[in-house]
Amino acid sequence: MYELHTEPLLPFKQFAYRLARHGGIVALVLIFSLAVGTTGFHWLALQEWIDAFLNSSMLLGGMGPVGEIRSSAGKIFASIYALYAGIVFIGTSGLLLAPVLHRLLHKMRLEEKQSRRKG
């Protein structure tokens, strides 16, 4: 998926496409996660749709839940969803950063190789 250290640096246009592809995957994961969270908070925590959306957004953003949850089913859902949201937050951050960090490291490796040849 990524170029090897022996290969030249990917042209910027192809790099931008790779970054957009990663961003698209992240967007799909977040939309799915928001849909699951909003539905769960609405049906299990007995919250209005807007409050359910707010809670799932806050948890996915790493902030924490907002408002009171009165039902036991809602509290169990909120606990499981909070764990899930933490994993999604870390995973999607890694997925977005991977192409940027790879390009940075690849560029540094190529510059190091060139400086060895000159010196």
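Q: At what angle do helix α1 and α3 pack, and how far apart are their axes?
A: Two packed helices are described by the angle between their axes together with the distance between those axes. In this predicted model, helix α1 (residues 12-43) packs with α3 at about 175°, and the axes are 10 Å apart. Angles over 145 degrees count as roughly antiparallel, so α1 is roughly antiparallel to α3.

Q: Which classes of residue make up the contact of α1 with α3?
A: The contact has 20 nonpolar residues, seven polar and two charged.

Q: Where does T92 lie, and is T92 buried or exposed?
A: T92 lies in helix α3, which spans residues 72-118. Buried means under 20% relative accessible area; T92 has 11%, so T92 is buried.

Q: What is T92 in contact with, leaving aside neighbours within four places in sequence?
A: With those neighbours set aside, T92 is in contact with V26, V29 and L30.

Q: How does E112 count by relative accessibility?
A: E112 also has its place in helix α3. The range between buried, under 20%, and exposed, over 50%, is called partly exposed. E112 has a relative accessibility of 38%, so E112 counts as partly exposed.

Q: What separation do the C-alpha atoms of E112 and A85 have?
A: These two residues are 27 residues apart along the chain, and their C-alpha atoms are separated by 39 Å.

Terms used
Residues numbered from 1 in each chain as written. Predicted model: local features only at pLDDT ≥ 70, side-chain atom pairs only at ≥ 80, totals over all residues. Heavy atoms only, no water. Helix = DSSP H or I, 4+ residues; strand = E, 2+ residues; numbered from the N terminus. Buried < 20%, exposed > 50% of the residue type's maximum accessible area, 1.4 Å probe, protein only. Contact = heavy atoms within 4.5 Å. Axes fitted to C-alpha atoms, helices over the stretch in contact; angles between N-to-C directions. Parallel < 35°, antiparallel > 145°, perpendicular 65-115°, else oblique. Nonpolar A, V, L, I, M, F, W, Y, C, P; charged D, E, K, R; others polar.
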